[in-house]
Amino acid sequence: MRVLVAATGVAALLVALPAGLLAVPVWPAGAVLVGLCAAVLPGSAAPGVTVAAGAVAWTLGGGGLGSALTVGTLLYLHHTSAALAALTPVSSALSTSLVRGWAARTALVLAASALLSVVIGTVPPLLRDLPAAALLTLGAAAAVALVALVRRLLRTDPPPAP
């Protein structure tokens, strides 16, 4: 899980960074450092810093919808894998049912986000005048709403006490 945390964090930051900054060695090295910190300390603020840095880098770089989908997917994978890694000791093995449940929820959220992206991409007259930052904000709000919906649908409440 921690390898996934590092890989998705670094990849998201590298995709989000503007091309001009990628040419300066300190920025890619910083992306690697931030991604590794999140992997080493998944229960800290480091994964959140990675997500915020990715969103800011993408926004400042003026990325389009395609890069937003890529960065968003990588940042979601980074966040959800960091949450699981934070709850799992480094030396323990993950049970198959735990990984299967995590993967199912992750796939459901990503599929719903992809569907939403298709809707956003095919409704240009309504969104033509919105700046990329507004689209990012709308997408983030929609992703949070979808996660809340998925959590509510998949939540199993304990049976009532007799």
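What is the volume of the second largest pocket? In this predicted model, the second largest pocket has a volume of about 200 Å³.

**View 1. Lining of the second largest pocket.** The residues that line this pocket are Leu13, Leu17, Pro18, Leu21, Trp27, Gly30, Ala31, Val34, Ala53, Val56, Ala57 and Leu60. Helix H3 (26–40) and H4 each contribute at least two residues to the lining. By class, eleven of the lining residues are nonpolar and one is polar, with no charged residues.

**View 2. Centre of the largest pocket.** The largest pocket has a volume of about 1,200 Å³. It is lined by 43 residues, and the closest to its centre are Gly72, Tyr76, Val109, Ser113 and Ala143.

**View 3. Helices around the largest pocket.** Two or more lining residues come from each of helix H4 (46–61), helix H5 (65–87), helix H6 (96–121) and helix H8 (132–154). H5 gives the most, with 13 residues. The lining of the largest pocket comprises 30 nonpolar, ten polar and three charged residues.

**View 4. The chain as a whole, for orientation.** The secondary structure consists of eight helices and zero strands, and along the sequence the pattern reads α-α-α-α-α-α-α-α. Of the 162 residues in the chain, 25% are buried. Among contacts with a separation of 6 or more, 70% are between residues 24 or more positions apart. The chain has an accessible surface of about 9,600 Å², and carbon and sulfur atoms account for 75% of this surface.

Definitions and conventions. Residues are numbered from 1 along each chain as its sequence is written. This is a predicted model: local features need pLDDT of at least 70, side-chain atom pairs count only at pLDDT 80 or more; totals for chains, interfaces and linings use all residues. Side-chain values use heavy atoms; hydrogens and water are left out. On a 1 Å grid over the protein atoms alone, a cavity is a set of points where a 1.4 Å probe fits but cannot get out, and a pocket is an open set with protein on both sides within 12 Å along at least five of seven lines; lining residues have an atom within 4 Å of a point. Grid points are joined across faces, edges and corners, and a volume is the space filled by probe spheres set on the points. Helices (H or I, at least four residues) and strands (E, at least two) are DSSP runs, numbered from the N terminus. Ala, Val, Leu, Ile, Met, Phe, Trp, Tyr, Cys and Pro count as nonpolar, Asp, Glu, Lys and Arg as charged, and the others, Gly among them, as polar. Buried means under 20% relative accessible area, exposed over 50%, partly exposed in between (1.4 Å probe, protein chains only). Contact means heavy atoms within 4.5 Å. Accessible areas come from the Shrake-Rupley method with a 1.4 Å probe; for residues, only the protein chains shown count as cover.
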